[in-house]
Amino acid sequence: MTLPRLLCSALLAFSATLAQAGLLDSFSDKDAAGGMREALSQGAEQAVKMLGKEDGFLGNPKVRIELPGRLQQAESALRMMGQGKAIDELKTNMNRAAEQAVPEARALLVAAVKQMSVQDVKNVLTGGEDAATQYFREKTSAQLSTRFLPIVSKVTGRLAVAQQYNQIAGKAAGFGLLKAEDASVEQYVTKRALDGLYLMIAEQEREIRQNPAQAAGSLAKKIFGALGN
């Protein structure tokens, strides 16, 4: 299931359940906003903790960064040409770069959650299929991309194969065989690191919603626990 469907279908189900049970009116706006902030803060912190360590990306098939598009399809041929070691080195370091960059997200994600207004909470609960995902992307993706890129560049810049990737990918993009955004290994890894981060945040939110006992604070327990009543 894609990220927007995964996260937002869960949130829409949550909103619908509360509405059907007549529970939306039983919580103040302050409680609802506070509960959402607590839950999302916990989810964001846990996602960063899970990804921002050795093998956080490389050891997790859900977020592991592979070669993009047509280059991935050509991997077998490249290995047959004796490029296996270089490919393995590139793939490992792409994931290591993401693992080193992700801790930079902690402060920005927490700040975005703290800035959620009551209206933001309502928009997430009653919005479209990708309302929650879009909230985080709108508030953090540009800044995170800026912070991630130099860290990723430092790691991948050590590899001659990364420069070869950029040369090959640049030509492939010119022929329409690869997306322009994937033509730079640094840009590609940064994008995939952000996608993986948002995916893991979504999974953490779902776990908290399904098991309110895991919620970090009393308001989150109160709001999400209503689903079980």
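Colleague: What does the chain average in pLDDT?

Modeller: pLDDT is the predictor's confidence in each residue, from 0 to 100. The chain averages 74, and 62% of the residues score at least 70. This is a predicted model, in which local features need pLDDT of at least 70 and side-chain atom pairs count only at 80 or more, while totals for chains, interfaces and linings use all residues. Residues are numbered from 1 along each chain as its sequence is written, and side-chain values use heavy atoms, without hydrogens and water.

Colleague: Where is confidence lowest, and where highest?

Modeller: Helices are DSSP runs (H or I, at least four residues), numbered from the N terminus. Helix α1 (residues 3-20) is lowest, with a mean of 43, and α5 is highest, at 89. Over residues 1-26 pLDDT stays under 50. Where pLDDT is low, the predicted coordinates should not be read in detail.

Colleague: Which residues have the most contacts inside the largest nonpolar core?

Modeller: Such a core is a set of buried Ala, Val, Leu, Ile, Met, Phe, Trp, Tyr and Cys residues joined through side-chain atoms within 4.5 Å. Here the largest has 43 residues, and F148, V189 and L197 have the most contacts inside it. Its largest share, 10 residues, comes from α9.

Colleague: What is L197 in contact with?

Modeller: Contact means heavy atoms within 4.5 Å. Beyond four places in sequence, the partners of L197 include V48, L109, L144 and F148.

Colleague: Is T190 buried or exposed?

Modeller: Buried means under 20% relative accessible area, exposed over 50%, partly exposed in between (1.4 Å probe, protein chains only). T190 counts as buried because its relative accessibility is 2%. T190 lies in helix α9 (residues 185-210), and its contacts beyond four places in sequence are S145, F148, L149 and V152.

Key: Helices (H or I, at least four residues) and strands (E, at least two) are DSSP runs, numbered from the N terminus.
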